[in-house]
Amino acid sequence: MPEPMLRIRDLNGWYGPSHVLQDISLEVDRGEIVCLIGRNGAGKTTTLKTIMGLLDRRSGSVIFKEEEILAAPAHVRFARGLAYVPEERRIVQGLSVRENLRLGLVASKAKHEETRRIEDIARIFPRLAERLEQEAVTMSGGEQQMLAIARAMIARPDLVMLDEPSEGIMPVLVDEMFDLFRRMKSEGTTILLVEQNVELALAIADRAYVLDQGMIVHQASAQALLADDEIKERYCSV
Amino acid sequence: MSGLSFDLIALQLFTGLALGAIYVLFAIGLSLIFGMLTVVNFAHGAFYMVGAYAGLFLVSMGGNFWICLVAVPLLVGTFGMIVERFLVRPLYGRGIDYPLLLTFGLSYIMVELIRIAFGTSGYPFDTPELLQGAVDIGVGYFPLYRLFVIGATAVVLIGLWLFLERTSFGLIIRAGARDPQIVRVLGVDVSKVWLIVFGIGTAIAGFAGLLAAPLQGVIPEMGATILAEAFVVTVVGGMGSIGGAVLAGLLVGVVVSMSSLFAPEMAKVSIFALMAIVLLIRPQGFFGRAGLMS
């Protein structure tokens, strides 16, 4: 029996007066990689932000690990095991790679085992291991993206939401990153992925939802969607 | 150049550093609060003034200066946290002018309340016995208390630096000043951090007011004067930059004391001239980031 990790029902969200999310319902089971696809402006990023609690006006239901979290602030959602890697990576200027990683633990129960956690994460991200004392923003875009993922993963969340991780990154690093997602999944992390690179995303995903104008217009297994050129053409501008 | 010997100038330089030390303490609190909360705290001078009065009150109750050095920052910082929690916090997210107007109004209320409680005229504040007199610093005799002010400021700065660089909470502050949202999605309750930063900033202002009391006496308006000068310091040093506040604070102190030696009639305007020059050459200040307010 699949165990639901995240269950969203009739989620609505507003930016000021504009109704940007309309009756979104989706589910992510434990251990799955679920992908949100759709054109720019379809509401993918907004969906992730609303799940993380970063959109002020929202209604509906977001149940994470059997608890309603719609009203909870972002930091409480993190404490319950929900992590979010925003689109622009958001590596903090003026901090070293190590400090950025430490930042992923400051609010975590695992804070006391900081040194060990950093060693562990450095094994998974060898590129970061070589650069721990370097100022983080001096790294390449791909390395910064790795750091953003590592920073979100170091507290070992149950579900991690990734927004456009491959954007603006060298192809060789993109492959490395998607291998990493597969490994994260095999180690039990659940992933909700927003990705422009549809073929690549569907290749590692179990299921996908297609968004258009703030609504879910289609859902299918990743395999079925990979083969469905009509849907891909219509909603994903590929 | 009779009378304007090297020793005199050197002594005046030290006087400037002591004066600058007060500016530094005042301005780092202002900078810390602005850098983290984007609140321009117009009540910062009032917290400074309350620090001096709190010291006056504690001494009149039988406390001594050394107790005040610990108790005054705690009292003023607690008061600052109450102000942040109940007055400033409801205004976050409404633009920079709301908390500015609030703290501006609050400073008038604080000054008026002090006038009601302590009267409109000032009080002298005795230099603690242990710090009276002068010591030979090589270029002449220098008041021991001013040396103490410089030393105490250095201790606060080192403590603050260690706190920001070496502790997890300091890491949160440094990251949160750049990007509060990422700190939030990494599980930090940012509103708690803001509360504590406001508390630290106002505690240091109270501490500065106490240190200044034996130098200048205590009057209800003492905060207004230093606030104007401290804004020069933050503009010259760069808004939100602690390093900038330290460098500019000392520089402004030295400029004030040197101009009062060489051209006393220019002492009041010299720092504004300094500010104008810095703004022309480097509009963001020594260490400021350009476009911070946009």
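Among the contacts in chain A that link residues at least 6 apart in sequence, 65% join residues at least 24 apart. The model in which these contacts were counted is a predicted one. Chain A contains 10 helices and 10 strands, and 41% of its 238 residues are buried, a residue being taken as buried if 20 or more other C-beta atoms lie within 10 Å of its own. The C-alpha trace of chain A spans about 45 × 40 × 40 Å along its principal axes. A compact globule of 238 residues would have a radius of gyration near 18 Å, and the value for chain A, 17 Å, therefore agrees with that expectation.

The contact between the two chains was examined next. Chain A contributes 20 residues to this contact, and chain B contributes 15 residues. On the side of chain A that touches chain B, the elements giving two or more residues are helix 2 (74-79) and helix 3 (97-103) of chain A. Of these, helix 2 of chain A provides the largest share of that side, namely 4 residues. When the residues on the side of chain A that touches chain B are sorted by class, 11 are nonpolar, 5 are polar and 4 are charged.

Within chain B, helix 1 (residues 6-37) has 32 residues and reaches 45 Å from its first C-alpha to its last, which is close to the 46 Å expected at 1.5 Å a residue. Because 23 of the 32 residues of helix 1 of chain B are buried, this helix is largely enclosed by the rest of the structure. The residue that follows helix 1 of chain B is B:Thr38, which has a positive phi, near 45°.

A further feature of chain B is the packing of two of its helices, helix 6 (residues 168-178) and helix 8 (residues 190-216), whose axes come within 11 Å and cross at roughly 105°. Since angles of 65 to 115 degrees count as roughly perpendicular, helix 6 of chain B is described as roughly perpendicular to helix 8 of chain B. By class, the contact of helix 6 with helix 8 of chain B comprises 5 nonpolar residues and 1 polar residue, with no charged residues.

Note on methods:
Residues are numbered from 1 along each chain as its sequence is written. Chains are lettered from A and ligands numbered from 1 in the order in which they are written. This is a predicted model: local features need pLDDT of at least 70, side-chain atom pairs count only at pLDDT 80 or more; totals for chains, interfaces and linings use all residues. Two residues are in contact if their C-beta atoms, placed from the backbone, lie within 7 Å. Ala, Val, Leu, Ile, Met, Phe, Trp, Tyr, Cys and Pro count as nonpolar, Asp, Glu, Lys and Arg as charged, and the others, Gly among them, as polar. The radius of gyration is taken over C-alpha atoms; the globule rule is 2.2 Å times the number of residues to the power 0.38. A residue is buried if 20 or more other C-beta atoms lie within 10 Å of its own, exposed if 12 or fewer, and partly exposed in between; C-beta atoms are placed from the backbone. Axes are lines fitted to C-alpha atoms, for helices over the stretch in contact, and angles run from 0 to 180 degrees between N-to-C directions. Angles under 35 degrees count as roughly parallel, over 145 as roughly antiparallel, 65 to 115 as roughly perpendicular and the rest as oblique. The expected span of a helix is 1.5 Å times one less than its number of residues.
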